[in-house]
Amino acid sequence: MTIPVACAVILADQKVLAVRRSKDMPLSGYWEFPGGKVEVGEIPESCIVREIGEELGIRIRVLASLPNNTHAMTSGKSILLIPFLAAVEAGEIKLYEHDQLSWLGQSELFEVNWAPADIAVVKYLEENWDDLIVQFSK
Ligand SMILES: Nc1nc2c([nH]c(=O)n2[C@@H]2O[C@H](COP(=O)(O)OP(=O)(O)OP(=O)(O)O)[C@@H](O)[C@H]2O)c(=O)[nH]1
């Protein structure tokens, strides 16, 4: 079974937002891009706007879609991670589900312990930083 999960690489001041999964979440202690499962009948773009509203209390604007990454979990399930580059449109970030946040620049990307499915996305960001983060920050 493959579970589609949309996540947001939220950028501000040439940094990206990482959040840490809290004690009562599966994969607790791992860092991830905020987001969640795409519901039946929902498109990933709507899912990510909804999830970020629920998890961080902000409205985001989707800027671009990034390459998807399929990751096999030990349970036999696979996660299809669907990342979007996004900017904050309105509101102040508040953590409703996660217990920590960190804004990471290019050289800080690997300072946190990423959920395994996110590593390919983080590598893609690192390799394409100037084309993505610097360009979209202008
Ligand atoms: N949101 C998010 N989930 C990720 C990422 N990487 C990753 O492996 N996952 C996994 O994908 C699944 C998404 O679950 P979630 O708990 O965030 O989604 P949700 O809000 O829809 O959960 P729910 O089932 O409680 O409604 C989890 O198994 C989570 O560990 C990521 O970068 N962002």
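This is a predicted model: local features need pLDDT of at least 70, side-chain atom pairs count only at pLDDT 80 or more; totals for chains, interfaces and linings use all residues.

Strands, as used here, are DSSP runs of E with at least two residues, and they are numbered from the N terminus.

**Exercise 1. Where does L27 lie, and is L27 buried or exposed?**

Step 1. L27 sits in the loop that joins β2 to β3, the latter being residues 31-32.
Step 2. Although L27 is not a glycine, its phi is positive, at about 60°. As background, most residues other than glycine have a negative phi.
Step 3. A residue is taken as exposed if 12 or fewer other C-beta atoms lie within 10 Å of its own; L27 has 12 such neighbours and therefore counts as exposed.

**Exercise 2. Carry out the analysis for D13, stating its loop, its phi and its exposure.**

Step 1. The loop that holds D13 runs between β1 (2-12) and β2 (15-21).
Step 2. The phi of D13 is near 50°, which is a positive value in a residue other than glycine.
Step 3. Because D13 has 8 C-beta neighbours inside 10 Å, D13 counts as exposed.

**Exercise 3. Determine whether the end-to-end distance of α1 agrees with its length, and where its buried residues point.**

Step 1. Helix α1 covers residues 44-56, and at 1.5 Å a residue its 13 residues should span 18 Å; the end C-alpha atoms are 17 Å apart, which agrees.
Step 2. The buried residues in α1 are P44, C47, I48, E51, I52 and L56. Seen down the axis of α1, they fall within an arc of 125°, so they line one face of the helix.
Step 3. The partners against which the buried residues of α1 pack are β1, β4, β5 (59-65) and β7.
Step 4. After α1 comes G57, with a positive phi near 70°.

**Exercise 4. Describe the shell around the ligand by its residues, elements and classes.**

Step 1. The ligand is surrounded by 15 residues, of which E32, G35, G36, K37 and A117 are the closest.
Step 2. Two or more residues of the shell come from each of β1, β4 (35-37) and β7 (78-90), and β4 gives the most, with three residues.
Step 3. Sorted by class, the shell holds 10 nonpolar, two polar and three charged residues.

Definitions and conventions: Residues are numbered from 1 along each chain as its sequence is written. Helices (H or I, at least four residues) and strands (E, at least two) are DSSP runs, numbered from the N terminus. A residue is buried if 20 or more other C-beta atoms lie within 10 Å of its own, exposed if 12 or fewer, and partly exposed in between; C-beta atoms are placed from the backbone. A residue is near a molecule or strand if its C-beta atom, placed from the backbone, lies within 6 Å of it. Ala, Val, Leu, Ile, Met, Phe, Trp, Tyr, Cys and Pro count as nonpolar, Asp, Glu, Lys and Arg as charged, and the others, Gly among them, as polar. The expected span of a helix is 1.5 Å times one less than its number of residues. The arc is that of the directions from the helix axis to the C-beta atoms. Two residues are in contact if their C-beta atoms, placed from the backbone, lie within 7 Å.
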